[in-house]
Amino acid sequence: MPKSVLTISSKNYSSWSLRGWLMCKLAGLEFDEEILSLSDPATRAELLLLSPSFLVPSLTHDGVRVWDTLAIGEYLAEIFAVAGLLPPGRAARAHCRAVCGEMHSGFYNLRSALPINLKAHHAGFKVWAGGTG
Ligand SMILES: N[C@@H](CCC(=O)N[C@@H](CS)C(=O)NCC(=O)O)C(=O)O
């Protein structure tokens, strides 16, 4: 089987990339890591071939391209069921998917206020609670 490749930008600055990478590791997938610099136009052209949305992470496994962290998670959970990425039990899996879906599509204020930088320290930083008006 050809080697699997996970395309990401940074495990320090991209929580999406980090999530894809963690899921591949937790699933026990053997993969090569391809790190792309997203600001380079040539890189973006290459990325478009892997991910129609231009976004990372993108996993290529066994001739299949999967982009988007949720899709990668579901794909890995199917193939490496024994790794237990999803809990046993239909209700627990539904709960897990609901939480993942909420996290994936929500928390806009939190994401905007706190871009990821795992190596940084910002003592006393105030997070805006958000609001509608
Ligand atoms: N829904 C996607 C979102 C991925 C996403 O937004 N990735 C960012 C990570 S840095 C990205 O690729 N940004 C590229 C850009 O803004 O040029 C997922 O969860 O995989």
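Partly exposed here describes a residue whose relative accessible area lies between the buried limit of under 20% and the exposed limit of over 50%. Glutamate 74, with a relative accessible area of 31%, is therefore partly exposed. The model is a predicted one.

- Strand S1 (residues 4–8) pairs with strand S3 (residues 58–61) in the antiparallel sense, over 3 bridges; threonine 7 stands opposite serine 58 in S3.
- The pairing of S3 with S4 is also antiparallel and runs over 4 bridges; here histidine 61 stands opposite valine 64 in S4.
- S3 and S4 make a hairpin with 2 residues between them. Aspartate 62, in the turn, has a positive phi of about 55°.

**Helices on the sheet**

- Alanine 71 is placed in helix H3. Its relative accessibility is 31%, so alanine 71 counts as partly exposed.
- Alanine 71 and glycine 20 are 51 residues apart in sequence, while their C-alpha atoms are 9.8 Å apart in space.

**Nonpolar core**

- The largest nonpolar core has 14 residues. Those that touch the most other members are Leu6, Cys24, Leu29, Phe31, Leu59, Ile72 and Leu76.
- S1, helix H1 (15–27) and H3 are the elements that give two or more residues to this core.
- H1 supplies the largest share, 5 residues.
- Leaving aside neighbours within four places in sequence, leucine 6 is in contact with Gly20, Trp21, Cys24, Phe31, Asp32, Glu33, Glu34, Pro57, Ser58 and Leu59. Two of these partners, Cys24 and Phe31, are also listed among the core members with the most contacts to other members.

**Salt bridges**

- Glutamate 30 and lysine 3 meet through their side chains in a salt bridge, at 3.9 Å from N to O. This pair links distant parts of the chain, 27 residues apart: glutamate 30 is in the loop between H1 and S2, and lysine 3 is in the segment before S1.
- Glutamate 30 has a relative accessible area of 62% and is therefore exposed. Lysine 3, at 44% relative accessibility, counts as partly exposed.
- Glutamate 33 and lysine 11 form a salt bridge between their side chains, with an N to O distance of 2.6 Å. Because glutamate 33 lies in strand S2 and lysine 11 in the loop between S1 and H1, the pair ties together parts that are 22 residues apart in sequence.
- Both partners count as partly exposed: glutamate 33 at 35% relative accessibility, and lysine 11 with a relative accessible area of 27%.
- Glutamate 74 and arginine 97 meet in a side-chain salt bridge of 2.7 Å, N to O. Glutamate 74 sits in helix H3 and arginine 97 in helix H4 (residues 90–105), so this pair links distant parts of the chain, 23 residues apart.
- Arginine 97 is partly exposed, with a relative accessible area of 38%, and glutamate 74 is partly exposed at 31%.

**Serine 14**

- Serine 14 is found in the loop between S1 and H1.
- The relative accessibility of serine 14 is 7%, so serine 14 counts as buried; the limit for this class is under 20%.
- A polar contact of 2.9 Å joins the side chain of serine 14 to that of serine 17.
- Not counting residues up to four places away in sequence, serine 14 touches Ser9 and Ile116.

Definitions and conventions. Residues are numbered from 1 along each chain as its sequence is written. This is a predicted model: local features need pLDDT of at least 70, side-chain atom pairs count only at pLDDT 80 or more; totals for chains, interfaces and linings use all residues. Side-chain values use heavy atoms; hydrogens and water are left out. Two strands pair if DSSP finds at least two bridges between them. A nonpolar core is a set of buried Ala, Val, Leu, Ile, Met, Phe, Trp, Tyr and Cys residues joined through side-chain atoms within 4.5 Å. Buried means under 20% relative accessible area, exposed over 50%, partly exposed in between (1.4 Å probe, protein chains only). Contact means heavy atoms within 4.5 Å. A salt bridge is a side-chain nitrogen of Lys or Arg within 4 Å of a carboxyl oxygen of Asp or Glu. A polar contact is a pair of N or O atoms within 3.5 Å; within protein, one must be able to donate a hydrogen and the other to accept it, and residues adjacent in sequence count only if both atoms are side-chain atoms.
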